[in-house]
Structure formats: structure tokens, C-alpha cells
Amino acid sequence: MATEILIKHKDSGLIKTGIYGYSWTYLLFGWFVPLLRGEYGTAFLHLIFNLFTFYIFQIIESFYYNKQYMTRKLTSGWVLAGNDSENKKAKAVLQIV
């Protein structure tokens, strides 16, 4: 299941809630999730993939979406900002060294 963890932007100090694990939200709402999170290119690609696969992509992607979202965040200047045990668990799930 999805687990929340705080993430912090290195430069601006902005703090957001990141999520890792299975995405029920993506399963139910599909490409609207990246659209509402401001990832317009990703939302457009997911819409196209859903249309071509008759929404089978949405079922499969619900297992991977949160990990992909967190990976994009962590590679664009965000860092994990939870306590040590939360960060360790998130790193293990996200496969971060």
C-alpha cells in the first residue's frame, strides 16, 4: 500500500509529501493523477497509452506510478526529509543506494 514521506527541495527548502508503494489513486483516476500533480507530459503519454491498450496500461501502471513519480522528484532536486527509519524504508522500497 502507499506510504507517505516528506520530501524537501534542496535549493528552495519547499517541503511536500511524497508517496511510494501501490497507487490506488492511479488505478481509479489514471492519467488525471499526473495531470493534477503538474506533470503534463506524463499525463498526455499515459492518456495515449491508456487509449491504445484499452486501459490495461492503467491497471499495470498503478503498481509503478508512485515509484516513478518519486524517482522523478528525487532526481530533480528533492531529497527525503523524513526521520532516519522512514528514509531507510523509503530508500529500500525505491531501490535507492
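Predicted model: local features only at pLDDT ≥ 70, side-chain atom pairs only at ≥ 80, totals over all residues.

Reader: What do tyrosine 26 and tyrosine 65 form?

Author: They form a stacked aromatic pair, 5.1 Å centre to centre with 20° between the planes. The pair links distant parts of the chain, with tyrosine 26 in helix H1 (residues 24-29) and tyrosine 65 in helix H5, 39 residues apart.

Reader: How are the rings of tryptophan 31 and phenylalanine 32 arranged?

Author: That pair is stacked, because the ring centres are 4.2 Å apart and the planes are at 25°. Tryptophan 31 has a relative accessible area of 19%, so it is buried. Phenylalanine 32 is partly exposed, because its relative accessible area is 42%.

Reader: How many aromatic pairs does the structure hold?

Author: Six. Ring pairs also link Tyr22, Trp24 and Phe63 into a cluster.

Reader: And what sits over the ring of tyrosine 69?

Author: The charged end of arginine 37, at 4.4 Å from the ring centre.

Reader: Back to helix H5. Which of its residues are buried?

Author: H5 covers residues 65-74, and its buried residues are Tyr65, Asn66, Tyr69, Met70 and Lys73. They lie on the same side of H5, because they cover an arc of only 130° around the axis. In an α-helix there are 3.6 residues a turn, so residues three or four places apart point the same way.

Reader: Which residues make up the largest nonpolar core?

Author: There are eight: Ile5, Ile7, Tyr20, Met70, Trp78, Leu80, Ala90 and Leu94. Strand E1 (3-9), strand E3 (78-80) and helix H6 (84-94) each give two or more residues to this core. Another core lies apart from it and has five residues, including Tyr26, Phe57, Tyr65 and Tyr69.

Reader: What is alanine 90 in contact with?

Author: Ile5, Tyr20 and Leu80, if you leave aside neighbours within four places in sequence.

Reader: What about asparagine 87, buried or exposed?

Author: Asparagine 87 counts as buried because its relative accessibility is 13%. It is found in helix H6, and its side chain reaches the backbone nitrogen of glycine 82 at 3.0 Å. Leaving aside neighbours within four places in sequence, asparagine 87 is in contact with Ile5, Leu80, Ala81 and Gly82.

Reader: New topic. Where does alanine 2 lie?

Author: In the segment before E1. Alanine 2 counts as partly exposed, because its relative accessibility is 43%. Not counting residues up to four places away in sequence, alanine 2 touches Ile19, Tyr20, Gly21, Tyr22 and Asn66.

Reader: How many residues apart are alanine 2 and asparagine 66?

Author: They are 64 residues apart along the chain, and their C-alpha atoms are separated by 8.0 Å.

Technical notes. Residues numbered from 1 in each chain as written. Heavy atoms only, no water. Core = buried A, V, L, I, M, F, W, Y, C linked by side-chain atoms within 4.5 Å. Buried < 20%, exposed > 50% of the residue type's maximum accessible area, 1.4 Å probe, protein only. Helix = DSSP H or I, 4+ residues; strand = E, 2+ residues; numbered from the N terminus. Contact = heavy atoms within 4.5 Å. Polar contact = N/O pair within 3.5 Å; in protein donor to acceptor, adjacent residues only side chain to side chain. Arc of directions from axis to C-beta. Phe/Tyr/Trp six-rings, centres within 6.5 Å; stacked < 30°, edge-to-face > 60°. Lys NZ or Arg CZ within 6 Å of the ring centre and 35° of its normal.
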